[in-house]
Amino acid sequence: MKPIEPSRKPFSTWFSADNIFTGLITAFLLVILVFFLLYPVVVICRLSFLKDGFFTLQNYLEYFSEPRIFRSFYNSMFVSLVTMVITTVLAFLFAYGLTRTTLPGKGFFYMVSTLPLIAPTIIQALALILLFGRNGVITRYLLDTSWNIYGATGIIVGEILYCFPNALFILYTTLSAVDTRLDEAAQSLGASALKTFFKVTLPSAKYGIASAAALTFNLTITDFGIPVVIGGDYSVLATEIVNKVFGMQRFDLGATISVILLIPSITAFAINYYLTRKSYAMISGQARPFIQPSRPLKKWAFTAYSVFICSCILLVFVTVFLGSFVKTWPYDFSLTLKHFDFPSLGASVPIWTAFWNRVLEPGSLRDMIAIKYAPIWTSLLVSLVVAVVGASMTLVAAYIIEKKKPRGEQLLYALSVLPAAIPGVVLGLGYVLAFNKPYFLIYGTIWIIIINVVIANFTLGVLSGTANLKQIDKSVEEAAVSLGAGPVTTFTKIVFPLSKVAFLSTTTFFFMRAMTTISAVLFLVSAQIKLAAIEIIFLDVDGRTASANAMCTVVVLIVGIFLLIMRLTTGSSGLSGMSSSK
Amino acid sequence: MGRDLKLENLTKRYGRLTAVDHVNLEIHEGEFICFLGPSGCGKTTVLRMITGFETVTEGKIIFDGRVINDLLPKKREFGIVFQSYALFPNMTVEENIAFGLKMRKMPKKVIAERVDVMLDLIGLSGWRKLYPAQLSGGQQQRVALVRALAPDPQVLLLDEPLSALDAKIRLRLRAEIKRLQQELKKTMIHVTHDQEEALSIADRVVVMEGGQFRQVGRPIEIYKNPSCRFVADFVGTSNFFEGRRTDDIVDLGKRKIKIAQNGSGINEAVSLSIRPEHVEVFKKGEPSAVDEPLNLVPGRIEVVVFQGAAVRLLIEIDGDEIIADINEKEFEQRSLKRGNEIFLYFPPEAFLVFAEGEGKT
Ligand SMILES: Nc1ncnc2c1ncn2[C@@H]1O[C@H](COP(=O)(O)OP(=O)(O)O)[C@@H](O)[C@H]1O
Ligand SMILES: [Mg+2]
């Protein structure tokens, strides 16, 4: 008896629901990433190399031949390298204390050290100015010296504080994963503690150390918030781009400097990415054995060190908080709320205006909340949308990449990882150049900002998503399919519930980034659309330092409240594993 | 004729590696088939092609008279049980079992009844509200088993379902699978690398090596009548001798042995195998009236291993080690001990003879 052959076999296989589902989503993600990530960068490159439609290196010649401008390149490299070395050493020692000694209060130290992640980078600069600036409480009030921290020193100190948790996260993971029994074996063979450290501990963590260093370099060279506030005349690449564009309307020069900034930034990112993979590949997966009680001297030395670092970080927050509540820093320390009566005007999103008009009586309070606080409400709205959209999109992208592996998967992966290599300022400028067209309807609305922030932070979402999905046994999904579940049901009923923890922490991450990011959206705000983090800079530039502090305080409080809500409702702390690494 | 499953020249290639090589098999409805073979021989690949999770390179899978090569996995309605259980960790036992029924859009009441029946089947009714992580490995696998059975699949496929379990639980669950199969009369394909497991539960065993089916047959046939040296070696325990045969005499180099079968050629290379339980042991000085004095070989007991009812002796002859099993009573009566000089007797008719090129003569 001859078996019955199905008639249209290739057709039915290819057009299965699963393939359509995967194909459509892959295509959608690719279009989004190409249009909102690749295209703006290409536009920048094109502008930097073209004059009147012809290829030219004139912009680059102009840049490199004018010493005053070229200095910004040198300056950027200098502060980034110095920050890189100091941060890596400090973070390594801190991570060593947390993972290899029996110092008390590890959880507390770790938590405090991650605090800088919840604030805009600018907070470091604001605090340093309050402490060591022209009117710094230490420089002016205590020491009465004319020295102040503006310039390279300020940038470096600020960047160290900001990069610390990011470097720490990598080093902490590395050191807690490397088998401590190696250390014990070396010591049992008669090696001294110091020798063990240099011959065993340090080499075994070398990839982690190098990748933390590369990440720090990348974060520093791409940062805009700290140098713009504390840099003074000391110009770096990121501030120079903004300078050329805002100050001189020279988009071509801005684009040129952007390309120049892209080179070290992409290099550092690539090194970090490559080494992180390598370092994680060495993780043995064995349970961490019991740590020998440390000798008292070692224990107290590391405790004192950890207390010092945490005090510095806390000092930043306390200073800015205080700075926003005292009358005239550093002369009159009586408390006031007047700095929270922001001078900035208007630019509300209609939804919010309508909302406040409904809930509040007309009067000065309503004016303050609805108009003066408008940037804060806009930021909050943007951040909530970014959190949901960003976390969902990256989870779906991660699912496609990790589990479906369609055609074009590698391109999708490459584009998903790329954003972390592109400095926010560069991407922002790219958006202006690419999308500032009358026919591009979402330009000038909050949607372009939302897209920008989602794209700029796509990398971490996708990486944490794929890391999580790798842990889901392939058989679990196959079990669902064999029981009759389609692709959508499998995703919503099985994959998503199993990714909930990762999803929530990615949500938190996107929210924090949207509330605190400055460089990426700097070019996208306007007289109609203002954001809280950007207002900090404008207030500071206007000389309203105290209000800048107050705005920063508000941002930190909103992020803090969000974290608290996430923690209370889901029981998981959003901060763990939320640095820009992974 | 029921809903049979037929593999025709089924082949799977991964690049240059041929994981499954032109295999043919007809599985009847209600039959319990076991794929047996060492790790990497292609068992999982055959199973995954049948389930539809792996594409077919060449050949056909025919079910109920239809070629199903390109049918989507969910349309095949085959149940699968995985080595790793693969229960949905976010659902309770009950929800896990109901999942396949919900996917088939059955009415709530029918689902509830069916879940009850399934839970009774494995005696886990008290556990319905628990999550998989709260169950032991054996319990999880039992839930996985009924989860796959709940939608009444056409065929149930089990890929090494017992490998991750402790030895004791493995035996219990093995018996339970067999019982379920007999109760439900479901076609089942069970994959394992454990020959004892395969022989004890299957109606028919398929012995695989290097992507090919070496032998298909009832367990007793496979054991008594292995088709090639590989099967004789892999299934059960065998003693092997290499030598050259002329007529019914095999020259092992150090000695000659008589066998029951006449060869065709002269001086042809063969391997002989004999099961340990067919080797007879005589103490020196004991009367040993045997049919074939040529096959009486002196040796010494090197190791004695008690295996419950049987005793396994490792005996050295001519520098080689031979395994002989004798029953415990006999062992006691003869008061055999380590170090005893003894005679071994190999009955000529107990030898299986394989030509060097694998096949049996
Ligand atoms: N996806 C794959 N890609 C390449 N080779 C594979 C793949 N899956 C299995 N193989 C190879 O096919 C052979 C058979 O594998 P498998 O069916 O898993 O064996 P078994 O289940 O008998 O242990 C092995 O050599 C294995 O390495
Ligand atoms: Mg297998």
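Which residues does T174(A) touch, not counting residues up to four places away in sequence? They are A205(A), G208(A) and S279(A). The model is predicted.

- T174(A) lies in helix α8 of chain A, which covers residues 152-177.
- T174(A) counts as buried because its relative accessibility is 5%, and the cut-off for buried is under 20%.
- The T174(A) side chain reaches a backbone oxygen, that of I170(A), at 2.7 Å.

**Extent of the interface**

- Chain B contributes 29 residues to the contact, and chain A contributes 26 residues.
- About 2400 Å² is buried between chain B and chain A. Carbon and sulfur atoms account for 66% of that area.

**Polar and charged pairs across the interface**

- Between chain B and chain A, 4 residue pairs are in polar contact, with both residues at pLDDT 80 or more.
- The rule finds 1 salt bridge across the interface of chain B and chain A.
- E478(A) forms a salt bridge with R48(B). Their closest N and O atoms are 2.8 Å apart.

**The chain B side**

- Elements of chain B that give two or more residues to the side touching chain A include the strands β4 (58-63), β5 (66-67) and β6 (78-81). The helices α2 (73-76), α3 (93-103) and α5 (137-149) of chain B are also among them.
- α3(B) gives the most to this side, with 3 residues.
- The residues on the side of chain B that touches chain A divide into 18 nonpolar, 4 polar and 7 charged.

Key
Residues numbered from 1 in each chain as written. Chains lettered and ligands numbered in written order. Predicted model: local features only at pLDDT ≥ 70, side-chain atom pairs only at ≥ 80, totals over all residues. Heavy atoms only, no water. Helix = DSSP H or I, 4+ residues; strand = E, 2+ residues; numbered from the N terminus. Buried < 20%, exposed > 50% of the residue type's maximum accessible area, 1.4 Å probe, protein only. Polar contact = N/O pair within 3.5 Å; in protein donor to acceptor, adjacent residues only side chain to side chain. Contact = heavy atoms within 4.5 Å. Buried area = accessible area lost by both parts, 1.4 Å probe. Salt bridge = Lys/Arg side-chain N within 4 Å of Asp/Glu carboxyl O. Nonpolar A, V, L, I, M, F, W, Y, C, P; charged D, E, K, R; others polar.
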